[in-house]
Every structure is written in C-alpha cells, then in structure tokens.
Amino acid sequence: MKAEFDKAATLDDFNRWFEGSKVVGANGEPLVVFHGTAHLFSPNSFNCLSHFGSAKAANTFSPLFMHKYKQFLNLPVFLKLCNPLIIKDMIIHPYYRYKKFLRVNGEKGVFDLLKLEEVMGSELYNDDLDYEPSNWQASIAKAFIKLGYDGLMYKNDHEDSGSVS
C-alpha cells in the first residue's frame, strides 16, 4: 500500500500566503496565536468569530472545558488578517453586543449604515437580548466583510491583560 501526501508547504509558500497580515509580533514576524477548545478539528472549520489570542488567554478556558468535556486543547495557529477592525474588548461576545456595536457605529457614520442594512435588514434593529438565531455569527461576519474587514482585533483586558486577541 502506497501513501501519498500533498507536498509540504515551503517557507516561501507560507510567506506568500501570510504577506500583508497584521497578526505579527513586535518585529513584524508572524505571530503564533492560540485557540482553546475541547475538540480537535480542521483549521478550515473554525467558527467565523472564533477567539484567538495568547497561550495564556486561551488557557483561561481550560477549567471550563476540563469540567465539561474532560479535555482541553490549546491549538497554535497562524492567522492572516490584512484589514482587521480594531475594537475594544467586549468581554463576552453575544449577538446583541455585536449588533449594537455595528448599529451605533453606523449611526455615528463610522460604518456605512446602508451596507449594514443591506446585509442584516431589520435584524440590525432587533434589541431582544434573548434572541440569538442559529446563524448569527455568519450574519455578523458578513456584515464585517461587507464593510471591508477580514477580522477583529483588540487589546485583551481580561484573559491576558495587554495581549492582543
């Protein structure tokens, strides 16, 4: 039986892929970021609003995962974000906080409100705090993409204060 594998990426391949990313260290080198989880899965299956940060920030969630799932994985990855939106740490990230963030900044003229309404429709103005549709993360991600952003970055104030997530 013969096993065939895809050719391993070269450093040049990585550098071409990573070019322009803002997820870099102090000297501009690619920054390894971490995602804390209880399950191993494909890098292409991360949720569109998955949290990545320092190893310490990711490890903050280990007691929760250990208690609930009896395991914890701290997955190291490289992220390519070329035009991230810089935001404040929202501590927790439920649907209504993202919607409020988008709506308030749209009303202030920071974002194009018409583009937001085109993507989210009347949903943008639904203030029911308990309402969370199953596809809310995809809806919010589409709104950010429509505005020209490919991710979010913020200075972490909680899990690893001062680090970038």
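Read along the sequence, this protein follows the pattern α-β-α-α-β-β-α-α-α-β, with six helices and four strands in total. Helices (H or I, at least four residues) and strands (E, at least two) are DSSP runs, numbered from the N terminus. You are looking at a predicted model, in which local features need pLDDT of at least 70 and side-chain atom pairs count only at pLDDT 80 or more, while totals for chains, interfaces and linings use all residues. Residues are numbered from 1 along each chain as its sequence is written, and side-chain values use heavy atoms, with hydrogens and water left out.

**Confidence**

The average pLDDT (the predictor's confidence in each residue, from 0 to 100) is 80, and 88% of the residues score at least 70. Confidence is highest in helix 1, at 88, and lowest in helix 3 (residues 62–69), at a mean of 74. Over residues 1–5 pLDDT stays under 50, and the model has zero contacts beyond four places in sequence for them; contact here means heavy atoms within 4.5 Å.

**Overall packing**

Of the 165 residues, 36% count as buried. Buried means under 20% relative accessible area, exposed over 50%, and partly exposed in between (1.4 Å probe, protein chains only). Among contacts with a separation of 6 or more, 67% are between residues 24 or more positions apart. The accessible surface comes to about 10,700 Å², and carbon and sulfur atoms hold 56% of it. Accessible areas come from the Shrake-Rupley method with a 1.4 Å probe; for residues, only the protein chains shown count as cover.

**Salt bridges**

Side chains of opposite charge can pair when their charged atoms come close. A salt bridge is a side-chain nitrogen of Lys or Arg within 4 Å of a carboxyl oxygen of Asp or Glu, and by this rule the count comes to two.

| Salt bridge | N to O distance |
|---|---|
| Asp13 – Arg16 | 2.6 Å |
| Glu118 – Lys146 | 2.6 Å |

Asp13 and Arg16 are separated by about one helical turn, because they lie three residues apart in helix 1 (residues 11–18). Asp13 is partly exposed at 31% relative accessibility, whereas Arg16 is exposed at 53%. Glu118 is exposed, at 56% relative accessibility, and Lys146 is partly exposed, at 32%.

**A nonpolar patch**

On the surface, Trp17, Val32 and Phe78 form a nonpolar patch with about 270 Å² of accessible area together. Patches are made of residues with over 30% relative accessible area and no salt bridge; like charges are joined within 9 Å, and nonpolar side chains (Val, Leu, Ile, Met, Phe, Trp, Tyr) within 5 Å. Val32 sits in the loop between helix 1 and strand 1 (33–37) and is partly exposed, with a relative accessible area of 34%.

Asn156 belongs to the segment after strand 4 (151–153). At 0% relative accessibility, Asn156 counts as buried. Leaving aside neighbours within four places in sequence, Asn156 is in contact with His51, Ala57, Asp89, Ser161, Gly162, Ser163 and Ser165.

Tyr96, in helix 4 (residues 95–107), is partly exposed, with a relative accessible area of 27%. Tyr96 and Tyr125 are 29 residues apart in sequence and 9.8 Å apart in space, C-alpha to C-alpha.
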